[in-house]
Amino acid sequence: MNQFAPQQSSLAMDSGESSAASNAAHAAMAVDYAPEVAGCVSSMVDLGGAAGVESQRLFLARRTALEMLRDRGYSVPEDEIARTLPEFRAWWSETPEIERLSFSTTLASDESNKVRIVFCPPEPVKIAAIREVYVRIKEENLSCLILILQSKITARARESIKEMFKFKVDVFQITELLVNITKHVLKPKHEVLTAEEKAKLLKEYNVVDSQLPRMLETDEVARYYGLGKGTVVKFTYDSELTVDHVTYRCIF
């Protein structure tokens, strides 16, 4: 009986080695066929460091602001909106001065209606900063000014905006413009009615402004389009999550 013991031990050893080799082969195959997700993930991460994060914020906010002007009916060159982040960084790195981010244009239907976008420095905005903007643009005969802040604004500085500027001034925090809210898949389609379209709507339903569903002037969509009180907006819902229908709201 003992003469067979070594053979059994040898067989057991051979089986163990074979199993180990098989496991190693499977492990190698698993490595070979593992999906390479690192490249996909890294493509979504900005590795530019602190300076890269800052330039990306400025790029996104400026692009959204330009899209906002276009959606308000202003003339905006397509190449300005289509500029990529690498192209923006190459342009910005030449002379990284906040004034270079400014942009002015006119209404497509009325060239006398002029608007300017102005980025404020990253420091808290005080009266002195507002006064500096006023001195810089007071001779431009603007109809609208869009201020983009990178920090908080003092209450006194906000009040001074109404005192200094005799035209409409829209104030946005840079964080509000990192994403274009109107492009969200769940947002309905918005159409601003003309005075004639509004009159026709009220006559058709035999109602007055105050009887329409309301939208606050401070609503994010109203602010994006720069809508004032009394403006009527048509909402068209058309998605898998909402029933297809149309409704109207009046800014108040």
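A residue counts as buried when its relative accessible area is under 20%. Trp 92, at 13% relative accessibility, therefore falls in the buried class.

**How confident is the prediction?**

The average pLDDT of the protein chain is 83, and 78% of the residues score at least 70.

**An aromatic cluster**

Across the whole structure, a search turns up seven aromatic pairs. One of them joins Phe 59 and Phe 88 in a tilted arrangement, with 5.6 Å from centre to centre and 50 degrees between the planes. Phe 59 belongs to helix H3 (residues 49-71) and Phe 88 to helix H5 (residues 85-94), so this pair ties together parts that lie 29 residues apart in sequence. Both partners are shielded: Phe 59 is buried at 8% relative accessibility, and Phe 88 is buried with a relative accessible area of 2%.

Trp 91 and Trp 92 make another pair: their ring centres are 6.5 Å apart and their planes meet at 40 degrees, so this pair is tilted. Taken together, ring pairs connect Phe 59, Phe 88, Trp 91 and Trp 92 into a cluster.

**Charges over rings**

Which residue lies over the face of Trp 91? It is Arg 83, at 4.8 Å from the ring centre. Elsewhere in the list of such arrangements, Arg 214 places its charged end over the ring of Phe 252. Here are the two side by side:

| Charged residue | Ring | Distance to ring centre |
|---|---|---|
| Arg 83 | Trp 91 | 4.8 Å |
| Arg 214 | Phe 252 | 4.6 Å |

**The two sides of H5**

Helix H5 brings several of these residues together. Leu 85, Phe 88 and Trp 92 are its buried residues named here. Around the helix axis they cover an arc of only 60 degrees, which means that they sit on the same side of H5. What is found on the other side of H5? There, Pro 86, Ser 93 and Glu 94 are exposed.

Terms used. Residues are numbered from 1 along each chain as its sequence is written. This is a predicted model: local features need pLDDT of at least 70, side-chain atom pairs count only at pLDDT 80 or more; totals for chains, interfaces and linings use all residues. Side-chain values use heavy atoms; hydrogens and water are left out. Rings of Phe, Tyr and Trp (its six-membered ring) pair if their centres lie within 6.5 Å; planes under 30 degrees apart count as stacked, over 60 as edge-to-face and the rest as tilted. Helices (H or I, at least four residues) and strands (E, at least two) are DSSP runs, numbered from the N terminus. Buried means under 20% relative accessible area, exposed over 50%, partly exposed in between (1.4 Å probe, protein chains only). A charge sits over a ring if NZ of Lys or CZ of Arg is within 6 Å of the ring centre and within 35 degrees of the ring normal. pLDDT is the predictor's confidence in each residue, from 0 to 100. The arc is that of the directions from the helix axis to the C-beta atoms.
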